[in-house]
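Morning, everyone. I have one structure to walk through today. Let me put it on the screen.

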Amino acid sequence: MTRKAPADDPGDSRLRVGPPKDYAAGVPAVTSSLRHAYTQMGARRSLLTLLSVNQKKGFDCPGCAWPEPGHRHRAEFCENGAKAVAEEATLRRVTPEFFAEHTLEDLAGRSDYWLGQQGRLTHPMYRPAGGDRYRQISWEEAFEVVARELGALDSPDRAAFYTSGRASNEAAFVYQLFVRLFGTNNLPDCSNMCHESSGSALVETIGIGKGSVRLEDLYEADLILVVGQNPGTNHPRMLSALERAKERGARVISVNPLPEAGLLRFKNPQRPSGVVGGGTQLSDRFLQIRLGGDQALFQAFNRMLLEAEDDAPGTVLDSDFITAHTHGFEAFAEQARKTSWDDILEATGLTAQEIEEAFQEVLAAEKIVVCWAMGLTQHRHSVPTIREVVDFLLLRGNIGRPGAGLCPVRGHSNVQGDRTMGIHEKPDAAFLDALGAEFGFVPPGHHGHDAVETIRAMRDGRVRVFVALGGNFVSAAPDTGLTERALRTCDLTVQISTKLNRSHAVAGRQALILPCLGRTEADLRPTGPQLVTVEDSMGMVHLSRGRLKPASDALLSEVAIICRMARAVLGDDGPQVPWADFEADYDLIRDRIERVVPGFEDFNTRVRAPGGFALPHPPRDERRFPTRTGLAHFTVNPLQVIRVPQGRLLLQTLRSHDQYNTTVYGLDDRYRGIHQGRRVLFVHPDDLAARGLAEGDLVDIVSEFSDGVDRRAPAFRTVAYPTPRGCCAAYFPETNVLVPLDSTAEVSNTPTSKSVVVRLEPTPAAAPHSAEGATRPRLPGESAGHPTA
């Protein structure tokens, strides 16, 4: 396709602000889907591709990990799924000629949107030491570069191997096998920056780092709490599940700092009522909580449940379940009863009446599901917050029975599967033992670097080679300027990618771009078409079959790239892994997964059944908890109240509706009323007035933490918006610069992107801004301004 990609507009000169919407989807979602698809793919290709998304004989959407229902519509995709598919199946191409025209300096100055709009990568590219741009290289030469640089390291731990959630199970398995044969557990992944807090809390409390519900449980629930989550943008197909739950009598309480259109009303475009009618009101109650106040809310519920049991013994708590299946109840109850109501009201920003009315809904419900996303996982106290959610469900036996349980809603379509396949810097000893026994070697047992630790190690010169299997590490990571400088210190950076992104423009001394097939494309080998598998957010494993002709004859699959890289790096020494056979026939990889990973027995047969199969989940399936005690753990979590210094605000970073993770599909956020721009700051009108600001003023956002450095995101337009007083919001990755590398969640080490203390300063006239933002030491006498608990 020769259609010209949109010109860059880093200053958002065309920005328009209108009223936010009070519903999600409907006809606008259909027209937006078709417009994005046609622009990128053309009419015929759009029809053929979209009708294969999430079908039992089609390919898995490269967007979110929401599970597919048993009965599927012919159009089993959402608006943002259509955008994700269009981005991958685009007819635009980034050829060697493109790189000849653009220096690294030029690319580094472009916006994330512009970079993504250029199209699919077509050939392996190499930036040699001292070069100012990439040039074409053969696959053989590329693997020789990787082998040379990895072979020159004095320790395998001087390399780090990142993974995005879009990698298939097969690619993830051979990737971690290669890395561990090389000799390191430096396997940071995107989970480190989003749902690591969920996994940390769940492993400790229920013994498995996954949610405990299936899709059918939502349909059977009496009450669903949707907490710290915006499904209308981030997981739109969840709205259909909530609609079905509502039809079967469920109540829905949404808990979020911002009123989100998808939780107000849903106009299902697959129903007449969603096209010409008013749609379905999803939330029966909206609790507009202050940022970071969720722990306090669940502690309030838990205290109230204990007190209600005191008033009517034997009628509120599930005492039989607590006695038979849990540990630590007495210590938990003692702490819960001491929770201060003053602290609860301060932390949540809610009134006592609002909490009491919500509690009456809790009390009336027998079966409760709690769903959450990054609104809970990216605070300093995220792990204690999620532990408190577990306490809440344990009190009434709401784990391990139909219609109830824990539902962390994960992001990319196989982020959960990658972890199941062993992508983890702190691997389980049983997994390592099984892997070593299967392939005849002793895997490294020491812990590796997670994402934050990898950035520190690159900054300090302890990691010299960085390899990324998918993703956009620069734009996903915190402390943008520091992250970019850290990557540029590496001897070699390698990006295995489908599309151009900012991480290609932030290159090490040498850099490689290795272009791979996407989910939509046919993976044809001499042994026949190859299929891959993925695991959704609820533990279902199913096949994905690409159909389209590859974007370039020079592309290799992720599996092929990894296998050839492994052969080049490892040579003939050590265990003889059949890399060439794995590359030729993915069934052989699945045979090995079956022998290493529990739950994958008879993998190749079961995954070919329509809809795939469910992985075992002992708490859900048997009410068996594989913790150190064999019981579910109540935990004691002292309440942490975020207190912000006078004159400061608490910022959360978030996605626009034209965005999925770091991929920016367009410059509109239709549901929030933003058009043709992204550098906006949502602030309560009273907070604007208190600072002498008006809507539309241009401000620099300056974050303040105890490290004595002010990080600056310049030139944002203020938008008066119904946020909680004292809180504000802006889009990432533009505001990732504000999150210090060392500001992370307890236990999980996840960046605290939802708890950023900021001040607002008028932007100097004609002040430039950069992708990195700016940092400077705090001047004498300026407040440290970090949050206190």
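What is the strand order in the open sheet of six strands? The order is 6-5-18-17-16-7, and the pairing is mixed. Keep in mind throughout that this is a predicted model.

Strand 16 covers residues 465-469, and strand 17 covers residues 492-497. These two run parallel, and five bridges join them.

Helix 8 touches strand 7 and strand 16. The direction of helix 8 makes about 170 degrees with that of strand 7.

Stay with helix 8, residues 169-182, and look at its contact with helix 30, residues 586-596. Their axes come within 10 Å and cross at roughly 70 degrees. An angle from 65 to 115 degrees counts as roughly perpendicular, so helix 8 and helix 30 are roughly perpendicular to each other. The crossing is left-handed.

Which residues make that contact? From helix 8, we have Asn169, Glu170, Phe173 and Val174. From helix 30, we have Tyr586, Ile589, Arg590, Arg592, Ile593 and Val596. By class, that is six nonpolar, one polar and three charged residues.

Strand 14, residues 368-372, runs parallel to strand 15, and four bridges join them. Val370 stands opposite Leu406 of strand 15.

Next, another helix pair. Helix 15, residues 294-311, packs with helix 18, residues 341-348. The angle is about 145 degrees, and the axes are 9 Å apart. This crossing is left-handed. On the helix 15 side, the contact residues are Ala296, Leu297, Ala300, Arg303 and Met304. They meet Trp341, Ile344, Ala347 and Thr348 in helix 18. Count by class and you get seven nonpolar, one polar and one charged.

Is Ala451 buried or exposed? The answer is buried, because its relative accessible area is 0% and buried means under 20%. Ala451 sits in helix 24, residues 451-459. Leave out residues up to four places away in sequence, and Ala451 touches Pro188, Asp189, Asn192, Met193 and Phe473. Compare Glu425: Ala451 and Glu425 are 26 residues apart in sequence, and 9.2 Å apart in space, C-alpha to C-alpha.

Last topic, backbone geometry. Most residues other than glycine have a negative phi, and most peptide bonds are trans.

First up is Asp479. Its phi is positive, near 50 degrees. Asp479 lies in the loop between helix 25, residues 473-476, and helix 26, residues 480-488. Asp479 is buried, at 4% relative accessible area.

Then Asn661. Phi is again positive here, about 50 degrees, and Asn661 is not a glycine. You will find Asn661 in the loop between strand 26, residues 659-660, and strand 27, residues 663-664. At 17% relative accessibility, Asn661 counts as buried.

And where is the cis peptide bond? A cis peptide bond joins Phe732 and Pro733, with omega about 10 degrees. Pro733 is in the loop between strand 32, residues 727-731, and strand 33, residues 756-762.

That is the tour. Over to you for questions.

Note on methods. Residues numbered from 1 in each chain as written. Predicted model: local features only at pLDDT ≥ 70, side-chain atom pairs only at ≥ 80, totals over all residues. Heavy atoms only, no water. Axes fitted to C-alpha atoms, helices over the stretch in contact; angles between N-to-C directions. Parallel < 35°, antiparallel > 145°, perpendicular 65-115°, else oblique. Left-handed = near helix turned anticlockwise from the far one by under 90°. Contact = heavy atoms within 4.5 Å. Nonpolar A, V, L, I, M, F, W, Y, C, P; charged D, E, K, R; others polar. Buried < 20%, exposed > 50% of the residue type's maximum accessible area, 1.4 Å probe, protein only. Pairing = 2+ DSSP bridges.
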